[in-house]
Amino acid sequence: MEEQFKAFASQLRRPTNEDGVKTGVHMNEGNKIMNLEAIKAVNPCAHDRILEIGMGNGFFVKNIISIDPTIVYTGCDFSETMIEEAEKMNAEYIKIGSVVFYLASADKLPLKDHSYNKLFTVNTIYFWENPVNTLNEFKRVLTKDGELIIVVRPKHIMENIPVTKYGFTMYSKEELIELLLANNFDVLDTNEIEEPSREVMGKILEFGSLVVHAKQK
Ligand SMILES: C[S@@+](CC[C@H](N)C(=O)[O-])C[C@H]1O[C@@H](n2cnc3c(N)ncnc32)[C@H](O)[C@@H]1O
């Protein structure tokens, strides 16, 4: 069982090959509420340039692009499998130039300075090797008054999920706020979302997520 947890944790971190494709589909369902809450917080508007880090298979990109034809969306993910899936799923939007995906790590983005006014990321902070470098990279690509939206399952929820002992760095709400403040972001708002509880390995677990809305100082 522990071997299976380890393998699943590794797929969640970087979905790869056939199992990665299945993990991508599984995440769309399991993380649906979080992704929809993230998009609500991003509040996509005409002429926005939106960057998402770790979009998985890009299933929710349509929920952003369909809001206004002038919105431009870029997705960066360090999984080749997820980039391939996201490109297939969003082929029409790529063709008309509204969407582009790059194979890239969160701390080294192939993007110009100050080129996005909104950046968001859902369920990726657990895997950042160097959060300070990653936040610096976000600052580099964000416009001066750019907004950052981070959505996570907070530590008290994550700790009860068996796979998270394999390579997940977990944050409480307070720790995430502290990390942002220490790295030149102001926190504008936080929103704790309750989700229906889930059964995992015969145990009923509390589920929920946290949306943190920040802005460059
Ligand atoms: C747990 S999945 C979450 C996918 C989707 N955002 C969701 O919430 O359903 C993490 C995704 O982020 C990507 N990822 C993780 N760490 C990353 C990093 N440091 N740089 C770029 N992508 C990363 C993974 O490849 C994967 O597609």
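**Sheet, helices and ligand shell in a predicted model**

Q: Across which strands does helix α5 lie, and at about what angle does α5 run to β3?
A: In this predicted model, helix α5 is formed by residues 80-89. This helix lies across β2 and β3, and its angle to β3 is about 165°.

Q: What is the order of the strands in the open sheet, and which are the edge strands?
A: The sheet is open, has seven strands and shows mixed pairing, with the order β3-β2-β1-β4-β5-β7-β6. An edge strand pairs on one side only, and this holds for β3 (99-103) and β6 (185-200). Neighbouring strands of this sheet are turned against each other by 15° on average, direction ignored. The edge strands are thus named as β3 and β6.

Q: Which residue of β2 is the bridge partner of Leu 51?
A: Strand β1 (residues 49-53) and strand β2 (residues 72-77) run parallel and are joined by five bridges. The bridge partner of Leu 51 in β2 is Thr 74.

Q: At about what angle does helix α3 run to β7?
A: Helix α3, residues 32-42, lies across several strands, namely β1, β4 (116-122), β5 (142-152), β6 and β7 (203-216). Relative to β7, the helix runs at about 20°.

Q: Why are α2 and α5 described as oblique to each other?
A: Helix α2 (residues 17-30) packs with α5 at an angle of about 55°, and their axes are 9 Å apart. Angles under 35 degrees count as roughly parallel and 65 to 115 as roughly perpendicular, so α2 and α5 are oblique.

Q: Which residues of α2 and α5 make the contact, and how do they divide by class?
A: The crossing of α2 past α5 is right-handed. Asn 17, Gly 20, Val 21 and Gly 24 contribute from α2, while Thr 81, Met 82 and Glu 85 contribute from α5. By class, this contact comprises two nonpolar, four polar and one charged residues.

Q: Which elements give two or more residues to the shell around the ligand?
A: The ligand is surrounded by 23 residues, the closest being Asn 31, Gly 54, Gly 56, Ser 79 and Ala 106. The shell divides into twelve nonpolar, eight polar and three charged residues. The elements that give two or more residues are α1 (2-13) and α3.

Note on methods:
Residues are numbered from 1 along each chain as its sequence is written. This is a predicted model: local features need pLDDT of at least 70, side-chain atom pairs count only at pLDDT 80 or more; totals for chains, interfaces and linings use all residues. Two strands pair if DSSP finds at least two bridges between them. Helices (H or I, at least four residues) and strands (E, at least two) are DSSP runs, numbered from the N terminus. Axes are lines fitted to C-alpha atoms, for helices over the stretch in contact, and angles run from 0 to 180 degrees between N-to-C directions. Two residues are in contact if their C-beta atoms, placed from the backbone, lie within 7 Å. A residue is near a molecule or strand if its C-beta atom, placed from the backbone, lies within 6 Å of it. Ala, Val, Leu, Ile, Met, Phe, Trp, Tyr, Cys and Pro count as nonpolar, Asp, Glu, Lys and Arg as charged, and the others, Gly among them, as polar. Angles under 35 degrees count as roughly parallel, over 145 as roughly antiparallel, 65 to 115 as roughly perpendicular and the rest as oblique. A crossing is left-handed if the near helix is turned anticlockwise from the far one by less than a right angle, and right-handed if clockwise.
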